[in-house]
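I set out to record the fold, the overall dimensions and the nonpolar core of this model. My entries follow.

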Amino acid sequence: MLVTVKCFAWAREVTGEDDIELDVPEIGTVKDLRASLAQKYPAFSAKMESIAVSVNQEFAGDSHVVSAGDELALIPPISGGVA
Amino acid sequence: MICRIVERPVDMDVLIKDVSHDDIGGVCTFIGLVRNHSRGEQVTRLEYQAYPEMSEKKMRQVVAEITERYGVDRVAMEHRIGTLQIGEIAVGIAAASAHRDASFKACRYAIDRIKQIVPIWKKEFGESGAVWVEECPVDAETP
């Protein structure tokens, strides 16, 4: 199934889009979504560990199931700052 | 309580009024400013980007955590996005409690936690070009 994924900051510059479409299996997971992302945009491969994925506005681990209609986003490292 | 992403200047008076009440004895505020240097280089301006809906949800989570930890529920915060110049307010926080100690703790926790879990990014523009500041990789909470 095709899912829409929001892109921000570095991820938005790499894809050139605010939203991208990725193909994931019907009962796919965040891990499948990452594989699809790396295939379509190889630039993500080297930085994949630093990119978080959110599902319905919550951070989601790789085993989290992705369903049609979920709100998905790629979350590059946030800007933090020195305390 | 105010928890929002704004595209106009942060107004601290509004945040202070939002948390003030007859049973409040202390309001602690934090103001995050755009600084003119970063990692030894001059910064000329910053561009902030957010995932607004998730940011506001995570800000409300920060307030809930503060309430649980310190018993303080009067916490207001605004984070500005877009292009900001040196000296402008990027983030404002006001925390209020009956006695001062809890308001200091709440305010400190708020800014530290915002920088950990609220999806906001900043791009620094300086002498050697522009760079996304990436200091805090988010650890996914594995189910």
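**Contacts, folds and core**

I then looked up chain B, where 74% of the contacts between residues at least 6 apart join residues at least 24 apart. I note that the model is a predicted one.

For chain A I listed 2 helices and 5 strands, arranged from the N terminus as β-α-β-α-β-β-β. Its radius of gyration is 12 Å, close to the 12 Å of the globule rule for 83 residues, so chain A is as compact as a globular protein of that length. I read the span of its C-alpha trace along the principal axes as about 40 × 25 × 20 Å. Buried residues make up 35% of chain A.

For chain B I listed 3 helices and 9 strands, in the pattern β-α-β-β-β-α-β-β-β-α-β-β.

Which residues touch the most other members of the largest nonpolar core? I found Phe8(A), Val75(B), Ala95(B) and Ala110(B), in a core of 54 residues. Strand S7 of chain B, residues 89-97, gives the most to this core, with 6 residues.

I finally followed Ala95(B): beyond its neighbours within four places in sequence, its contacts include Val19(B), Cys28(B), Val75(B), Cys107(B) and Ala110(B). Arg74(B) and Ser103(B) are also among them.

Technical notes:
Residues are numbered from 1 along each chain as its sequence is written. Chains are lettered from A and ligands numbered from 1 in the order in which they are written. This is a predicted model: local features need pLDDT of at least 70, side-chain atom pairs count only at pLDDT 80 or more; totals for chains, interfaces and linings use all residues. Helices (H or I, at least four residues) and strands (E, at least two) are DSSP runs, numbered from the N terminus. The radius of gyration is taken over C-alpha atoms; the globule rule is 2.2 Å times the number of residues to the power 0.38. A residue is buried if 20 or more other C-beta atoms lie within 10 Å of its own, exposed if 12 or fewer, and partly exposed in between; C-beta atoms are placed from the backbone. A nonpolar core is a set of buried Ala, Val, Leu, Ile, Met, Phe, Trp, Tyr and Cys residues joined through C-beta atoms within 7 Å. Two residues are in contact if their C-beta atoms, placed from the backbone, lie within 7 Å.
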